[in-house]
Amino acid sequence: MTQDEMFEVKVADLWALRQAAERATQNIEDLEGRLRAEHEARGEAVKRYGARRVELVEQEMRKRGLTYCTRCFCMIYSAEADFVLTEGRETYDGAYHTYGFRNFFRFYRVCPACREKLLDAHGRRGGYDTFAKDQAYFHAFHVEKRLDGFWVRKFGAWGHLGWHDDKCVLAELPGKLVEQLAAEWGLPPRISFESEYFGGPMNKLVIHEHSAAAAH
Ligand SMILES: [Zn+2]
């Protein structure tokens, strides 16, 4: 091989390596794209799994005529559930050890015990705060669920609350109760993502097997 021929071979070698690097780059980009798509597909599946699992628990509750108290979160029969509206003025803690008074408004679907506790506390007042020149008080009113929405009875008069009144939002079924019922009724376990370390990527899938195991 002449020196010129040798040179040509080495140049061809360089071209081949450059092509190999370009091919690899393309493959990496393809794989990264597929990886992103798989992450998205998995995230979506886990999200839908969680939502449908809660839906299934709620559906099963309705089928069995069960509901939950949104105050103490115990299970009750829908027939014993009642609605109570509480409102009044309460103190709250502010920043730097300060406090203040504010109005509150809470709507509950209650168990018989909570209903009694709330209605018994109706009319309770805190001591007069001479510093803030304010006073806490608590009212609890009976609410009825009718065909056209919720109606509240305040001091002898009925008032309409409406179905979609912002004030009529009930606390969601808590995760702890979902898990308890899911285990009891033999639903598949909870699935979630767990980061490997604090603030790290959410890429580890955790199957909380004990939920299903507890049913057997
Ligand atoms: Zn309760």
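**Zinc site and helix packing**

Let's start with the zinc ion: along the chain, its donors follow the spacing C-x2-C-x38-C-x2-C. Donors here are N, O and S atoms within 2.8 Å of the metal (3.2 Å for Na, K and Ca), and water is not among the atoms, so sites may look incomplete.

A word on the source. This is a predicted model, where local features need pLDDT of at least 70, side-chain atom pairs count only at pLDDT 80 or more, and totals for chains, interfaces and linings use all residues. Residues are numbered from 1 along each chain as its sequence is written, and side-chain values use heavy atoms, leaving out hydrogens and water.

Back to the metal. Which protein atoms are the donors of the zinc ion? They are the SG atoms of C69, C72, C111 and C114, lying 2.3 Å from the zinc ion. The site is tetrahedral, with angles of 104 to 116° among the four donor atoms; the term requires four donors with all angles between 85 and 135 degrees.

Now, burial. Buried means under 20% relative accessible area, with a 1.4 Å probe and protein chains only. C69 is buried at 0%. C114 is buried at 1%. C111 is buried at 4%.

Last, the helices. These are DSSP runs (H or I, at least four residues), numbered from the N terminus. Helix α1, residues 3–63, packs with helix α3, residues 175–184, at an angle of about 70°, their axes 10 Å apart. Axes are lines fitted to C-alpha atoms, for helices over the stretch in contact, with angles running from 0 to 180 degrees between N-to-C directions.

Terms used
Buried < 20%, exposed > 50% of the residue type's maximum accessible area, 1.4 Å probe, protein only. Tetrahedral: all angles 85-135°; square planar, octahedral: opposite > 155°, others 65-115°. Helix = DSSP H or I, 4+ residues; strand = E, 2+ residues; numbered from the N terminus.
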